[in-house]
Amino acid sequence: MRLDPPAALQAPTRRPAAAPKFSEWRAFWPLLALALILLVDAFISPGFFTIRLVEGRLYGSLIDILYRGAPTAVVALGMAVVIGARGIDLSVGAVIAIAGAVMTELIHAGMSAPAVLLATLLVSLICGLWNGALVALLDIQPIIATLILMVAGRGVAQMIDAGTIVTFRSDFFSAISTGRLGPAPSRIVVAAAVYALTWAAMRRTALGLFVESVGANAEASRLTGIDAKFVTISTYLISGVAAGIAGVLITSDIRGSDANNAGLWMELDAILAVVLGGASLNGGRVYIFNTLIGVLIIQSLTTSILVSGLPPEYNLIVKAIVVFLCLLLQARPVRQAVSGMIWAKRT
Amino acid sequence: MSILKHMLAAAVGAAALAGLSASASAQTIGFSQVGSESDWRTAFSADMKAEAEKRGIKLQFSDAQQKEENQLKAVRSFIAQKVDAIIIAPVVVTGWDQVLKEAQAAKIPVFIADRAVESDPSLFVTRIAADFNLEGRLAGAWLAQASKGNCNIVELQGTVGSAPAIERKKGFEAVISLFPNMKIVKSQSGNFTTSGGKEVMESFIKATDGLKDVCAVWAHNDNMMLGAIQAMKEAGLKPGKDVLTVSVDGVPDIFKAMLAGESDASVELKSDIGKYIYDVVQGYLKGKHDYPKWVLIPSDLHTPADAAEMLKKKGG
């Protein structure tokens with residue numbers, strides 16, 4: 001699958017007639033990193049690639065990666081859009097906590113499940129609106145504007161939960177998060193739906209063009225008649241709702257709202273996934289497929305460490321080293337050196 | 001005229017002094033609490049107040065909102081008020097020497113509750129606290145008996161490097177090392193959270209082919225165990241039947257799990273510890289001065305047998 005930059009933003013040079021070299025395909029390097037991690041797994045855990053059906057659902061370490069990575073994927077897709085417009089959303093972890101707390105509170109208030117879901121997503125939309133308004137209307141730098149909600153939001157969630165972990169029972173929400181649709185875990189279906197929607201919005205509507213245009217040059221975009229403020233606010237709305245969906249998945253997973261821990265540091269994983277996918281924090285590009293690969297790199301790393309039996313003291317250091325290597329693989333000088341070696345061997 | 005004024009002032013002063021000494025005989029104790037960051041802490045504060053009322057102690061309660069500077073202020077104000085004794089549940093271990101010296105100079109005994117302090121031990125009377133290591137040993141002893149000394153265990157550790165995780169692990173290992181057929185086959189950190197426990201347990205289930213040959217799950221706290229129980233159920237296993245479970249804390253939800261037959265044992269982290277603390281403080285004020293530097297608050301292990309009763313006590 002090749003993801004072209006929007007035609008309007010392409011340089012007016014002609015495309016090369018011949019198919020581009022495989023290593024120039026943008027998803028090549030992130031996919032290579034993912035493949036290498038999975039290759040290591042094949043050695044450390046013999047049953048890693050086994051997938052079978054247990055009680056009618058797919059079961060195995062590979063499924064675990066998709067299953068555990070689903071909430072991060074949803075958040076990261078929203079983050080990719082924000083970063084594409086040269087913004088950043090540090091508040092997603094806190095919005096996850098707020099969504100979880102609101103949802104739990106409403107379930108206990110006796111509201112019907114679909115209404116709870118809608119209300120929760122509405123609250124996360126408002127969180128996004130808050131961020132968007134601070135950035136677009138008050139012209140506060142995104143990192144500072146979203147830092148406010150990042151810090152205060154977790155406090156709001158703790159306040160709603162009155163400082164405790166509030167648990168609940170709901171067949172509807174368990175079905176969304178831990179249930180299955182046919183043999184597929186339902187949250188993977190949810191993440192796939194979010195992926196499809198994001199792809200459609202970014203690649204099949206003008207919004208995608210506008211986002212990348214504002215990210216590349218907000219002032220020039222404004223002069224060409226794009227409502228840059230509206231576009232910026234839209235990106236934060238998307239990110240807010242994405243965080244809300246992830247909050248529903250995470251909270252339904254443990255059937256309880258843990259305001260202290262739900263979505264904690266998730267913003268960093270999401271940003272990392274976008275960057276591992278090859279995007280620049282300077283904006284101008286939304287890489288949807290590559291962001292997904294970035295999420296899979298992070299999650300397969302986590303799952304591999306858990307399966308490997310490595311003492312937990314080494315978790316973070318191993319993670320840091322692998323992430324460093326993945327980023328190194330994407331650095332242009334290293335890429336050129338590696339490509340050069342491959343090319344030299346061929347001739 | 002001015003002489004009369006002075007005499008009057010002196011009389012008022014004497015009356016005030018008499019009043020003070022009368023209330024002092026009722027024992028005024030200053031208690032600087034960490035804050036109210038967890039359910040356990042809130043219950044601990046409530047018990048300290050209730051127990052003080054029961055004993056006729058006048059308790060000066062100060063909530064430090066998890067800031068050491070607030071605690072230092074509170075302790076200094078206790079010294080200024082000349083309370084009979086000061087109890088500190090410290091936020092952090094360091095930085096106490098100066099204020100403890102001030103209390104000593106004012107001849108007010110200081111007692112440390114819960115977390116430890118790193119300071120000259122002569123500056124406080126004693127520390128009254130539960131023992132994480134003992135909690136681990138108790139869990140290990142229960143499991144040794146329940147499995148008759150034959151058990152492959154998977155362990156869900158707390159946050160790496162935290163005192164409860166280190167000590168509970170050590171205590172548990174000290175006991176199971178006495179039994180040659182008991183060993184920990186998998187061990188990972190679930191960060192003391194439900195979601196962490198669930199994710200780690202899912203990977204354990206895959207890595208051990210559905211917990212084949214695993215007889216027990218041992219978790220450093222109940223929240224992780226609650227996550228692990230969900231993971232086992234979702235993988236079609238029966239926690240509490242296929243595998244034994246033992247954890248620490250005694251939160252209401254673990255007792256609910258016991259009543260549902262999904263959990264076997266939990267070591268209670270007591271929050272009603274006011275009686276242990278005031279026993280020591282009042283004993284000291286009555287003249288008993290030979291307390292060890294650590295007065296242990298005993299730990300209890302609970303099973304489905306008394307789960308209903310415990311759930312009622314915890315207000316679940």
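Let's start with a helix: H7 (residues 194-207) of chain B lies across strands E6 (151-157), E7 and E8 (216-219) of chain B, running at about 150° to E6(B). This is a predicted model, in which local features need pLDDT of at least 70, side-chain atom pairs count only at pLDDT 80 or more, and totals for chains, interfaces and linings use all residues. Residues are numbered from 1 along each chain as its sequence is written.

**How the elements are defined**
- Helices (H or I, at least four residues) and strands (E, at least two) are DSSP runs numbered from the N terminus.
- Angles run from 0 to 180 degrees between N-to-C directions, with axes fitted to C-alpha atoms, for helices over the stretch in contact.

**The sheet**
- Six strands of chain B form an open sheet in the order E7-E6-E8-E9-E10-E12, with mixed pairing; two strands pair if DSSP finds at least two bridges between them.
- Its edges are E7 (182-189) and E12 (300-302) of chain B, each pairing on one side only.
- From one strand to the next, the twist averages 20°.

**A parallel pair and its helix**
- E9 (residues 244-249) and E10 (residues 265-268) of chain B pair in the parallel sense over four bridges.
- B:Val246 has B:Ala265 as its bridge partner in E10(B).
- Helix H9 (residues 252-259) of chain B packs on the sheet, touching E9, E10 and E12 of chain B (contact: heavy atoms within 4.5 Å). The direction of H9 makes about 155° with that of E10(B).

**Chain B as a whole**
- Chain B has eleven helices and twelve strands.
- Of its 316 residues, 52% count as buried (under 20% relative accessible area, with a 1.4 Å probe and protein chains only).

Key. Chains are lettered from A and ligands numbered from 1 in the order in which they are written. Side-chain values use heavy atoms; hydrogens and water are left out. Buried means under 20% relative accessible area, exposed over 50%, partly exposed in between (1.4 Å probe, protein chains only).
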